[in-house]
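Subject: Structure handover

Hello,

Here is the structure I promised to pass on. Please open it alongside this note.

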Amino acid sequence: MKPVEGIIPVLITPFTEKQDVNEPVLRSYVRRYLDAGVHGIFCLGTNGEFFSLSAEEKKRIVQIAVEEAKGRVPVFAGTGGISTREVVRLTEQMEEIGADALSVITPYFLPFSQKELIAHYKSVAASTSLPILLYHFPARTGVRLEPGTVAELAKVPNIVGVKDSSGDFETILQFIRAGGPDFSVLAGSDSLLLWTLMAGGRGGVSGSANVVPDLMTAIYTHWKNGELEQAREAQERLRPLSAVYKKATLPSVFKEAMNLLGLEAGPCRSPVLPPEPAVLNELRDVLQRYKEWGYIREEIQG
């Protein structure tokens, strides 16, 4: 596998009104992202509601992504969990399905030590031939990866990078230094995408790419082409969506945005509720702004 880089959308999981996975819509999402020029598909991330999905649903989602991607971009499968045993089992199953790479969030709930995290990741890596991205999201897991731990894990041949969703740029800088030149550090916070690229990171795993994939790929393409001012402008234009996204439980704002665009994301899985009416009104205004800027192709509903 080539180095992990570029814009990799976190695949939203569309549900029917009965909160079952909407498979035809899911297939359309993968095709939509490919049309926008993304560099990978990230299944079973936080914005994909991995924490609410059964093992069978997870496998089916990845299978669909693999079928639709047809090898054009790598498909990443999230296999994180609390116990090493369950992560290894799901990892082995995802390799059999045909995933190209894995994302493994730190185990959560318990305050695991760095020694325990190292042992966990080394066991998972030993169970598969697939490349692995570490997934760091301490605000949700309550567990931090220290730079020294990342440095140690970067020595494992098939641990190839880290998605950092801490929202802390200093942490990203520390991971870039710890991982070395062949280790991919990806921004999990969209607001830090350009700054991560400028610091030596290689891209972003993006929730916003579900709503404005053309904007996210524009940031990366401008930066890649050395068009820094255009990249800065595109990054700045992400602010309105980032601001409204924080006003409800994830991923409800992204899902409602997609519903407003006629993309049939459906509801979040309970107990997550839709955003309040005031937030929906603000979101509609934000989408209209992106439509005027040319970053949304769909018509805004209602």
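Contacts first. Take the contacts in the chain between residues at least 6 apart in sequence: 71% of them join residues at least 24 apart. One caution before the rest: this is a predicted model.

**Overall build**

The chain has 13 helices and 8 strands. It holds 302 residues, and a compact globule of that length would have a radius of gyration near 19 Å. The chain comes in at 18 Å, which agrees. Along the principal axes, the C-alpha trace spans about 50 × 45 × 35 Å.

Burial stands at 56% of the 302 residues. The accessible surface is about 12,700 Å². Carbon and sulfur atoms account for 51% of that surface.

On charge, there are 32 positive and 36 negative charges in the chain. Their mean positions lie 2 Å apart.

**Helix α10**

Look at α10, residues 228-236. Which of its residues are buried? They are Ala231, Ala234 and Gln235. Seen down the axis of α10, the buried residues fall within an arc of 100°, so they line one face of the helix.

**Leu241, in α11**

Helix α11 also carries Leu241. Leu241 is buried, because its relative accessibility is 0% and the cut-off is under 20%. What does Leu241 touch, leaving aside its neighbours within four places in sequence? The contacts are Ser208, Val211, Val212, Phe254, Leu283, Val286 and Tyr290. Take Ser208: it sits 33 residues from Leu241 along the chain, yet the two C-alpha atoms are separated by 7.6 Å.

The loop between α11 and α12 holds Lys246. Lys246 is exposed, at 71% relative accessibility.

The peptide bond from Leu250 to Pro251 is cis, and omega is near -5°.

A cis bond also joins Ser270 and Pro271. Here omega is about 15°. Pro271 belongs to the loop between α12 and α13 (277-293).

**Positive phi outside glycine**

Two residues to check by eye. Lys70 is not a glycine, yet its phi is positive, about 55°. Lys70 is in the loop between α2 (55-69) and β3. Is Lys70 buried or exposed? Exposed, with a relative accessible area of 62%.

Phe109 also has a positive phi without being a glycine; the value is near 80°. Phe109 lies in the loop between β4 (101-105) and α4 (114-126). Phe109 is exposed, because its relative accessible area of 71% is over the 50% cut-off.

**Around α3**

Ser83 is in the loop between β3 (75-78) and α3 (84-97). With a relative accessible area of 31%, Ser83 is partly exposed. That label applies because 31% falls between the 20% and 50% cut-offs. Ser83 and Ile105 are 22 residues apart in sequence. In space they are 11 Å apart, C-alpha to C-alpha.

Glu96 is in helix α3 itself. Glu96 is exposed, with a relative accessible area of 69%. How far is Glu96 from Ser113? The two are 17 residues apart along the chain, and their C-alpha atoms are separated by 31 Å.

**Where to look**

For a quick pass, start with the buried face of α10. Then go to Leu241 and its contacts, among them Phe254 and Tyr290. Next come the cis bonds, Leu250 to Pro251 and Ser270 to Pro271. Finish with the positive phi values at Lys70 and Phe109.

Best wishes

Technical notes:
Residues numbered from 1 in each chain as written. Predicted model: local features only at pLDDT ≥ 70, side-chain atom pairs only at ≥ 80, totals over all residues. Heavy atoms only, no water. Helix = DSSP H or I, 4+ residues; strand = E, 2+ residues; numbered from the N terminus. Rg over C-alpha atoms; globule rule 2.2 N^0.38 Å. Buried < 20%, exposed > 50% of the residue type's maximum accessible area, 1.4 Å probe, protein only. Contact = heavy atoms within 4.5 Å. Areas by Shrake-Rupley, 256 points an atom, 1.4 Å probe, with all protein chains shown as cover. Lys, Arg positive; Asp, Glu negative; His and termini not counted. Charge placed at Lys NZ, Arg CZ, Asp CG, Glu CD. Arc of directions from axis to C-beta.
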